[in-house]
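Please read this briefing alongside the sequence and the coordinates. The points that follow are grouped by topic.

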Amino acid sequence: MSLTRREFLGSSAAAGAGLVIAAQLPACGAGRRPPLDADLPAGTFTPNAWLRLTPDGRIRFYLSPVEIGQGTQTGHAQLVAEELEVAPEAVEVVPAPPDPAFANPLMGMQVTGGSTGISSFHEAVRAAAAQARLCLLTAASRRLGIPLEQCRARDGRVHHPGGESIAYGELVEAAARLRVAAPELKPSGAFRVIGKSVPRLDSPAKLEGSAVYGLDVQLPGLLTAVVIRAPELGASLRAHRTREARAMPGVVAVFPISRGMAVVAKGYWQARQAAKKVELRWHRRHEPPLDDREIRRTYRELVETPGKVVHRKGKVEEALAGAATELEAVYELPYLAHATLEPQNATAWVREGRCEAWVPTQSVSIARQVAADAAGLPLEDVTIHTTWVGGGFGRRANQDFLAEAVEISARLQRPVKVIFSREEDTAVDYYRPAYVHRVRAGIDGEGKIVGWHHRLAGQSILAQVIQDFAGSAMPGWLPARAKHFLGEVAGNALKRSDPTSFEGTEDPPYALGAHQVEYHWQDPEVPVGFWRSVGHSSSAFAVESMIDELAHAAGSDPLTYRRTLLAGKDDDLKVLETAAEAADFGEALPAGHGRGLAIHRSFGTIVAVVIEVSVRGERVKLERLVCAFDCGLAVNPDQVLAQLEGSMVFGLSAALFQEITLREGRVQQGNFDSFELLTFDATPPMEVIRVPSDRPPQGVGEPGVPPVAPALAGAIFAATGKRLRRLPLLPELKRQR
C-alpha cells in the first residue's frame, strides 16, 4: 500500500491535529491570548485562538496560512464573514504568530503548502466564526429577555423581531462570560459571501506600496549581509583572506559562518562590493564533482532494474506477456529551481537572550525552530514576524536564509538583514528533483490497456527535509539533539518509499489493467525540496505522455482514447469533455499546428488542459490554452481562476525552457537570462472553466502545473510528429532536428 503526500502528512499528524483543533476552538471566553493582542483594548472578546472582537466593534482574525499571493487572506476573511454575518472587509486579517493553536489541521504544524490554504482550514475557520456568532446571539437573547431563536445576526449587529438591534461590540463583554456548544454551520444554500468573487483584501496595500515584504524591513541600526557560499554544491570553506574587504568603506565585519563567509556592511551595495575582495578556498565534497548528466545516466540504468514496489494491482508481467502490443518509453525530467521573484532574505535581531526575526516564510513553525537552533535559544525566546512574501512555490519551506541571518546577528548582537542576489538564489536552491521514468504498457487487439508497469528513479525530498519539519512538529520540551535524531530516523525510514517521489503514478483515473509501480531511491546529495505540485509535476508527464503514445499505437486520437479509459469516472470525464469541447478538440488545424490534451488529479482537484501550438523549425508558438477543472466549492471563484492561470504559466515556463544543470559541481544557471520565465507576449490566450461541483473545497494552488507539460508535448507531436520524452521541450526539439 502506498500513501500520497497528503495522506502521509495527515496520518503522521493525526493525533496532534485533533488536539490542535481543540485548542483552536475552546468555549467562549476561554481562548488563548498571544502577546500580539497587546494592542487591543481591554474587554476584547477572545472566543477562540483565531478571533478577537473588541468593544469598539473591530473583528480581528489571525491567519494561520501565510499569504504568498495566492489569496488565502481574502478567502479566510470570507469564511469568517460568512458565519459571523459581516462583510469580508470588516475582518482585520493579521498573520498568526507561531503557536500550536494555529497549526495546519492536516499537517499538525504551521506550514503553508500542499495547496491546503483553504481546503484544510475552511471547516475549522467557519466553526470558529460560528461559535463566536452563537456567543453573541446568546448574549443578546439574555439582555433582551427573548428566546435565542428570535435573535438574528446580520451586518455586525444582532437583530430581534421588534426591530431593535445591538452592535457586536456592545455584546462582547457578556459574550466573553459564556460557554456554548459547537453550533451547526450555515448550509451552502444560505451563503451570502462564500462563492462570491469579492475583491482581494491585500490588493490596496500592494498597489500603493505600503505592503512590507521581507526586503522592505527596516530597523534602527540595521546592517546588511551578503554571504559568499561555496561555488560547488556541498563544498566547505578551507581558507580565507579578508583584510582588503574589511578595509572597504561601510564594511562592519567579515567572518566565516556555517554556510560560507558573511560580509556585513551598512548597506547592500557596500557589502556586495566588499564581497568581491574576499579570497576563499574550498574543500570539494564530491569526487568526481556532481554532473547532472551522470546523475541521469545512473537513473536510466536504475530503471532497467527492479525497484521497491510501492503499488501493485494484479500480475503485471503476466498481463504484459499476453498483450497484443507492448510499448515502452523512458521520460526524463531535470532539476528545477523555484525562481521566486523576491529573492530569499531574512532579518534577525539577537540580543539579551532573545531573538526576533522578520521573514518571508511559508512556515512560521519551522522558522521559529530554525531560528532557535541557530541562536542557541529555547523556542519561547524566539519571536517570528511574518512579512508579505514575494512568491514561494515551496522554496520558503526551507529556512536557510533565516538561519544565516540569525547566526550573523547572534555574532554581532545587532539587527542584520541577509539578502540573496538573483544568481545566488538560483545557485543554492533546494531543487525539484530530477527523475527518470520508464513505463511499459500493453494493449489488447482493441486498444484496451491490460498492463502498466511504471518504474522511476530519483531523490527523496522527505529524507532531506524531514529533520527540519519533524523538529517543528515535536513537543517544545524535547532537546534539539533528540529532535534531530528522531527526524533523521524518520527520514531514513521514508527515503525508499517517499510518496512525494511517485505521487500521481499509483492512482491515475484510467482503467490500466494490472498495475505496478516501482521506485528507486538514489541520493546524489543535490539539495532538493518541495516544488509547486511536487511529485505530480513529473508523474503526470510520464503517465499522460504514455497514454498519448498508446492512443497513437491503438489508432485512436488522444481524446477518444481517454474517453474509453475513463468509462465510469464521471467527474474526470466531465472535466475532460468540458475542456475538449471548449477547445474545439478534433477540428482540423492548418499544417504545422497541433493540439495536445492531458488530464491529472492532484490535491483533490481534477484539471484537464488543451494546448494548441504552431511549430516552425525550432520555434514553438503557444496559440491557445483551454483549461477545465473541478476543485469542489470555490470560496472565491476569481481567486481560484487566478491560481489556475498562474500555475499553468508556471508550468509552461518549466515545460518549455527551464532546467538546472550541474557541471564540475556548479549550477550553471543564474539570472532569468539562463533560467527563463514565460513572457507576457509569449503567453497564449487562456480560457479557464470551472466545472460546478458539490464537493468541499480542494487544493487549487498547484493542480494547474502537472497537465501542462504532457499537453504541450502532445501538441508538438501533433504538429511535427516528433515525440518529445525529455523536459524541457524546446532544447529537446532542437536536439531531435
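In this predicted model, P728 sits in the loop that runs between α21 (708-720) and α22 (729-736), and the peptide bond leading from L727 into P728 is cis, with omega near 0°. A cis peptide bond also joins E287 and P288, where omega is about 0°.

**Cis peptide bonds and their loops**
- P728, joined to L727 by a cis peptide bond, belongs to the loop between α21 and α22.

**Positive phi outside glycine**
- E352 has a phi near 50°, a positive value in a residue other than glycine, and is found in the loop between β14 (345-351) and β15 (354-359).
- The relative accessible area of E352 is 77%, and E352 is therefore classed as exposed, since the class begins over 50%.
- F603 likewise is a residue other than glycine with a positive phi, here near 55°, and its place is in the loop between β21 (593-602) and β22 (605-616).
- With a relative accessible area of 6%, F603 counts as buried, because that class covers values under 20%.

**An open sheet and the helix packed on it**
- Three strands, in the order β4-β5-β6, make up an open sheet with antiparallel pairing.
- The edges are taken by β4 (152-154) and β6 (165-167), each of which has a single partner strand, so that one side of each is left without a neighbour in the sheet.
- From one strand to the next, the twist of this sheet averages 25°.
- Strand β5 (residues 157-159) is joined to β6 by three bridges, and the two strands run antiparallel; within this pairing, V158 stands opposite I166 in β6.
- Helix α5 (residues 168-175) packs on the sheet and touches β4, β5 and β6, while its direction makes about 75° with that of β6.

Methods: Residues are numbered from 1 along each chain as its sequence is written. This is a predicted model: local features need pLDDT of at least 70, side-chain atom pairs count only at pLDDT 80 or more; totals for chains, interfaces and linings use all residues. Side-chain values use heavy atoms; hydrogens and water are left out. Two strands pair if DSSP finds at least two bridges between them. Helices (H or I, at least four residues) and strands (E, at least two) are DSSP runs, numbered from the N terminus. Axes are lines fitted to C-alpha atoms, for helices over the stretch in contact, and angles run from 0 to 180 degrees between N-to-C directions. Contact means heavy atoms within 4.5 Å. Buried means under 20% relative accessible area, exposed over 50%, partly exposed in between (1.4 Å probe, protein chains only).
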